[in-house]
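User: Could you walk me through how to read a few features of a helical model? I would like the general idea each time, and then the case at hand.

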Amino acid sequence: MATTLGTRLRRLREAKNMTLQQVADAVGCTRGYIWELEMKDGQRPSAERVHRLAKTFGVTVEDLMEETPREAHEAKPEDVAFFREYAGMTDEEKERYRQALKLMFPGRGEGDAKP
């Protein structure tokens, strides 16, 4: 049975169309080690290795290690990273961001309301 970390790693690897060997080369370990992380319970990679894995997949360490909402597991890794960044913004930053999106995509997000 795969661990939660292992499941995340496999999804990220498949989403990036990377082989076990490509991930191993990027992280500096063996293909077998990456396979064990994906497939075996109880694997505890070092903090340095987790950091390298996160960098390889373009996500945060938290994305690899923390539980996320079910919808986030089904989202693309870059979407998850975006939502985490947004969630970390202040209320003022979020409002400025929403205003910028309205300028960039007028009419979007207004539902079926017609002017």
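This is a predicted model: local features need pLDDT of at least 70, side-chain atom pairs count only at pLDDT 80 or more; totals for chains, interfaces and linings use all residues.

User: Let's start with the overall make-up. How many helices and strands does the protein chain have?

Analyst: Helices (H or I, at least four residues) and strands (E, at least two) are DSSP runs, numbered from the N terminus. Here the protein chain has eight helices and zero strands, and from the N terminus on its elements read α-α-α-α-α-α-α-α.

User: What share of the protein chain is buried?

Analyst: Buried means under 20% relative accessible area, exposed over 50%, and partly exposed in between (1.4 Å probe, protein chains only). Of the 115 residues in the protein chain, 27% are buried.

User: And what do the contacts say about sequence separation?

Analyst: Contact means heavy atoms within 4.5 Å. Taking contacts in the protein chain between residues at least 6 apart in sequence, 52% join residues at least 24 apart.

User: How do I check the length of a helix, say α1?

Analyst: The expected span is 1.5 Å times one less than the number of residues. Helix α1 covers residues 4-15, so its 12 residues should span 16 Å, and its end C-alpha atoms are 16 Å apart, which agrees.

User: Which residues of α1 are buried?

Analyst: The buried residues of α1 are L5, G6, R8, L9, L12 and R13. Seen down the axis of α1, these buried residues fall within an arc of 160 degrees, so they line one face of the helix. The arc is that of the directions from the helix axis to the C-beta atoms. The general idea is that an α-helix has 3.6 residues a turn, so residues three or four places apart point the same way.

User: Which residues of α3 are buried, and what do they pack against?

Analyst: I34, L37 and E38 are buried in α3. Viewed down the axis of α3, its buried residues fall within an arc of 95 degrees, so they line one face of the helix. The partners of these buried residues are α1, α2 and α4 (47-57).

User: How do I read a helix crossing, for instance α2 with α3?

Analyst: Axes are lines fitted to C-alpha atoms, for helices over the stretch in contact, and angles run from 0 to 180 degrees between N-to-C directions. The axes of α2 (residues 20-27) and α3 (residues 31-39) come within 8 Å and cross at roughly 105 degrees. That makes α2 roughly perpendicular to α3. For the classes, angles under 35 degrees count as roughly parallel, over 145 as roughly antiparallel, 65 to 115 as roughly perpendicular and the rest as oblique. L20, Q21, V23 and A24 of α2 make the contact with R31, I34, W35 and E38 of α3.

User: What about α1 and α3?

Analyst: The axes of α1 and α3 come within 6 Å and cross at roughly 120 degrees, which makes α1 oblique to α3. In this contact, G6, T7, L9, R10 and R13 of α1 meet L37, E38 and M39 of α3.

User: Is N17 buried or exposed, and where is N17 found?

Analyst: N17 is found in the loop between α1 and α2 and counts as exposed at 68% relative accessibility. Most residues other than glycine have a negative phi. N17 has a positive phi of about 55 degrees although it is not a glycine.

Conventions. Residues are numbered from 1 along each chain as its sequence is written. Side-chain values use heavy atoms; hydrogens and water are left out.
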